[in-house]
Every structure is written in C-alpha cells, then in structure tokens.
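The following exercises concern the packing of secondary structure in a single protein model. Each task is followed by a worked solution.

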Amino acid sequence: MAGEDKNGTKDEDGNPQEKKRRNSVNLTELAYERIEHLIITCELKPGRFLSIQDLQRETGLSRTPVHQAVSRLAADTLVIIQPRHGLQIAPIDLARERMLLRLRRDLERFVVSLAAEHSTSTHRSQMLHITRILKDQRDTMAIGDFNIFDRRIDRLILLAAGEPFLEHTLRPLHTLFRRIGLIHHRNIGGAESLAGSIQSHIGILEAIAKRNVALAVEASDQLIDYVDRMFDALERDIDPSILDSSLESLISL
C-alpha cells in the first residue's frame, strides 16, 4: 500500500514515522543534557534570565528540542518559565533544597538497598572498577571530572536497582545537589571538600558490591550527612548573588 512499508507509516518525505519520532526524542534528550550540564556548572548562573533563543545558541540545537527540553526542566523545577519575561534558571533556595535533601535521603536509602539486593556480577565489577579509579585519583581529581564519575555512579546504581521509575524521580534532585556541591567546592570547601565526597561515594559502591544492604544504607546516609553540612557553610559564608544572580543589580546599588 502506498505510503507504508513493513516498518510502518511514512511521513511526507518518505521517512518512517517511527524513526522520525526516535530522532526527535534523541534531540530532546541531548538538549536536556546540555542545558542540565550548563546549570550544574553554573555557566547558566542561578537566577539568570534568558530566552529560548539564548539556549539555542548555548546548546547549538534547534528550537523544537530546546523548547521540549525546557518544558521538562521546568517540570523538574530547574528552570522557571516567566510569562512575558522568558525563562529563568532556578535560583538556589537553600532552605528549600535542604528540605529536599530529606527526600533524597529516603529515596537513596531505597535505591541502594535495591542495588545491593539485585545487582549482577557485571554491575558489581563495574562498581569496583570505579572505586579503584576514585582511590587512585582522589587527591588530584578536579570537580568537573568528579561530576562525570558522579553521574556515571548514579546511573550504575539505578541500573543495578532495576527500577526505571526511580531515575525520573532522582535525576533532578541529583542535578540540584551537583550544582550545590560545585558552588561549595569553588567558594568554600576546595580540594578537601571534594576528597570527602569522593570517599563517601567509594563507601557506597563498596557496600553495594558486597551486597550488604545495611552497610549500603549507612554509607548513603553518611553521604547525605556530608551534603547537609555543606548547607551550614553556604548559609553562613556564601555571597547571596552566587545563589541568585538576579540579586547582583540590587546589591550593587
């Protein structure tokens, strides 16, 4: 029948519709990842106002995937859509994010428990491989390199846990706290702070690799406690305009 083949319907250019949908999803995910990275690294400063066109330039992607990614980021509370004023990168609200850390604690306990119970030998082998790298490089690793490993660790633990729903719940939380961690590292904690975070992640990976649920939960709680202590220093010592760049003009008056 004209307009169809064994792979399904085709679009007006003769390309399979399913392939077109996959390409659209892939570009949206790419746009999400690029904007997410810019948020984590504060290349898009907390509180900054910008437009879809600005994000197109920042990502090198077209309007449609960027617009779809922004909708997801807004749902994840990482971007605020301001009617008639464009977009705003969500400022850092220390009180709110400290409260969300309580939610993350409970979710992480559940995830590491599942991972310890259900991880395969392949998962555990990968975890031990990462721990060896972290141990070898913990005194010299830069924050950018660690964030790459941190994301890889999160994905591996979620994969070992075997529940896809959890990724959609935890991903925006991980993004929020990676941004907090980077700001703390750059402005307060430095290398000593990063070393402590690396050691906490090593503890979690080793506990899961041993399939020890209680030890994995304990190690996860230690990481969350470590993050919680960051907030004390941030609340006391950080310049408010670092947490919300829209305050810069007010502070300069």
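**Exercise 1.** In a left-handed or a right-handed crossing, how does α4 pass α7?

*Solution.* The model is predicted, so local features need pLDDT of at least 70, side-chain atom pairs count only at pLDDT 80 or more, and totals for chains, interfaces and linings use all residues. Residues are numbered from 1 along each chain as its sequence is written, and side-chain values use heavy atoms, without hydrogens and water.

Step 1. Helix α4 comprises residues 94-118 and helix α7 residues 165-209; their axes lie 8 Å apart at an angle of about 120°. Axes are lines fitted to C-alpha atoms, for helices over the stretch in contact, and angles run from 0 to 180 degrees between N-to-C directions.

Step 2. The crossing of α4 and α7 is left-handed, that is, the near helix is turned anticlockwise from the far one by less than a right angle.

**Exercise 2.** Determine how α2 and α3 are oriented to each other.

*Solution.* Step 1. The axes of α2 (residues 52-59) and α3 (residues 63-75) cross at roughly 110° and come within 10 Å.

Step 2. Angles of 65 to 115 degrees count as roughly perpendicular; α2 and α3 are therefore roughly perpendicular to each other.

Step 3. In α2, Ile52, Gln53, Leu55, Gln56 and Thr59 meet Arg63, Val66, His67 and Val70 of α3, where contact means heavy atoms within 4.5 Å.

**Exercise 3.** What percentage of the 253 residues of the protein count as buried?

*Solution.* Buried means under 20% relative accessible area (1.4 Å probe, protein chains only). Of the 253 residues, 45% count as buried.

Notes
Helix = DSSP H or I, 4+ residues; strand = E, 2+ residues; numbered from the N terminus. Buried < 20%, exposed > 50% of the residue type's maximum accessible area, 1.4 Å probe, protein only. Parallel < 35°, antiparallel > 145°, perpendicular 65-115°, else oblique.
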